[in-house]
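Reader: I would like to go through this model one feature at a time. Please give the general idea behind each feature and then the case here.

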Amino acid sequence: MYGPDDLELNRRDLMAGASACAVATACPSASWAAAPASSEPVMSKVSFTVNGTAHEIDLDTRTTLLDAVREHLHLTGAKKGCDHGQCGACTMIVDGRRINSCLTLAVMHQGDAITTIEGLGKPGDLHPMQAAFVKHDGYQCGFCTPGQICSGVAVLDEIKAGIPSHITADLTATAAVTADEIRERMSGNICRCGAYSNIVDAMTEVAGRQA
Ligand code: FES
Ligand code: FES
């Protein structure tokens, strides 16, 4: 005759058997979950220039460009806002194009020329975009500002190069630097302080100077 302990054992055995069965038959990725994780990082040498200076660093291949520049080269201008490609605070200019440096691995940038906010200008010798942000109060706390300025510089270059945005009406002509164009192209750079209208003013002024 069965006692309560035997019943408990049977229930446990039944559950374990059912789970194993379900994993084996209903979960095609079960073999992924079972793969042992390697604890050893894979290292690689990466060479690129940052703000005109050549660097060669040994990196864990999983290191993002943002972490390589901030943690290994100690250039902390670019910020880690979200680490998910959603805020633009980490924007850098790579071979002339702005990118979210948190979304790209450093090892993918072998030989690239990278510009961060530190490479655009310095106190006493500001880039025109930096000077315009100061003049127009294009920031409050300043956390998003390095990304905004790198993006702003690249946006004006994109317009000059004839690259259309989602709202450019005539795809065969160079877009005018309107407030709408600026807002559309800068929409990946979020500012929690809401300095947007002043950023538009700053960029408009720089675009006027460059025209
Ligand atoms: S930190 Fe890269 S987009 Fe937010
Ligand atoms: S100035 Fe504070 S988040 Fe933009």
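**Reading the model**

Author: Asp83 is in the loop that runs between α3 (65–72) and β3 (91–94). The model is predicted.

Reader: Where does Asp95 lie, and what is its phi?

Author: Asp95 lies in the loop between β3 and β4 (97–100). Its phi is positive, about 50°, although Asp95 is not a glycine. With a relative accessible area of 49%, Asp95 is partly exposed.

Reader: How many helices and strands does the protein have, and in which pattern along the sequence?

Author: There are eight helices and five strands. Along the sequence they follow the pattern α-α-β-β-α-β-β-β-α-α-α-α-α. Of the 211 residues in the protein, 35% are buried. Taking contacts between residues at least 6 apart in sequence, 52% join residues at least 24 apart.

Reader: Why is α3 described as largely enclosed by the rest of the structure?

Author: The count of buried residues is what to look at. In α3, six of the eight residues are buried, so α3 is largely enclosed by the rest of the structure. The buried residues are Leu65, Leu66, Asp67, Ala68, Val69 and Arg70. They pack against β1 (43–50), β2 (53–60), β3, β4 and β5 (113–115).

Reader: At which angle do the axes of α5 and α6 cross?

Author: The axes of α5 (residues 128–135) and α6 (residues 145–160) come within 10 Å and cross at roughly 125°. Angles from 65 to 115 degrees count as roughly perpendicular, and angles over 145 as roughly antiparallel. α5 and α6 are therefore oblique to each other. Their crossing is right-handed.

Reader: Which residues of α5 and α6 meet there?

Author: From α5, Met129, Gln130 and Phe133 meet Thr145, Gln148, Ile149, Gly152, Val153 and Leu156 of α6. By class, this contact has five nonpolar, four polar and no charged residues.

Reader: Gln148 is in α6; is Gln148 buried or exposed?

Author: Gln148 has 2% relative accessibility, so Gln148 counts as buried. Leaving aside residues up to four places away in sequence, Gln148 touches Phe133, Met186, Asn189, Ile190, Cys191 and Ile199.

Reader: What is the general idea of a nonpolar core, and how many residues has the largest one here?

Author: In soluble globular proteins, nonpolar side chains tend to be buried together. Here the largest nonpolar core has 25 residues, and those with the most contacts inside it are Met129, Ile149 and Met203. Helices α4 (117–120), α5, α6 and α8 (196–210) each supply at least two residues of this core. The largest share, seven residues, comes from α6.

Definitions and conventions. Residues are numbered from 1 along each chain as its sequence is written. Chains are lettered from A and ligands numbered from 1 in the order in which they are written. This is a predicted model: local features need pLDDT of at least 70, side-chain atom pairs count only at pLDDT 80 or more; totals for chains, interfaces and linings use all residues. Side-chain values use heavy atoms; hydrogens and water are left out. Axes are lines fitted to C-alpha atoms, for helices over the stretch in contact, and angles run from 0 to 180 degrees between N-to-C directions. Helices (H or I, at least four residues) and strands (E, at least two) are DSSP runs, numbered from the N terminus. Angles under 35 degrees count as roughly parallel, over 145 as roughly antiparallel, 65 to 115 as roughly perpendicular and the rest as oblique. A crossing is left-handed if the near helix is turned anticlockwise from the far one by less than a right angle, and right-handed if clockwise. Contact means heavy atoms within 4.5 Å. Ala, Val, Leu, Ile, Met, Phe, Trp, Tyr, Cys and Pro count as nonpolar, Asp, Glu, Lys and Arg as charged, and the others, Gly among them, as polar. A nonpolar core is a set of buried Ala, Val, Leu, Ile, Met, Phe, Trp, Tyr and Cys residues joined through side-chain atoms within 4.5 Å. Buried means under 20% relative accessible area, exposed over 50%, partly exposed in between (1.4 Å probe, protein chains only).
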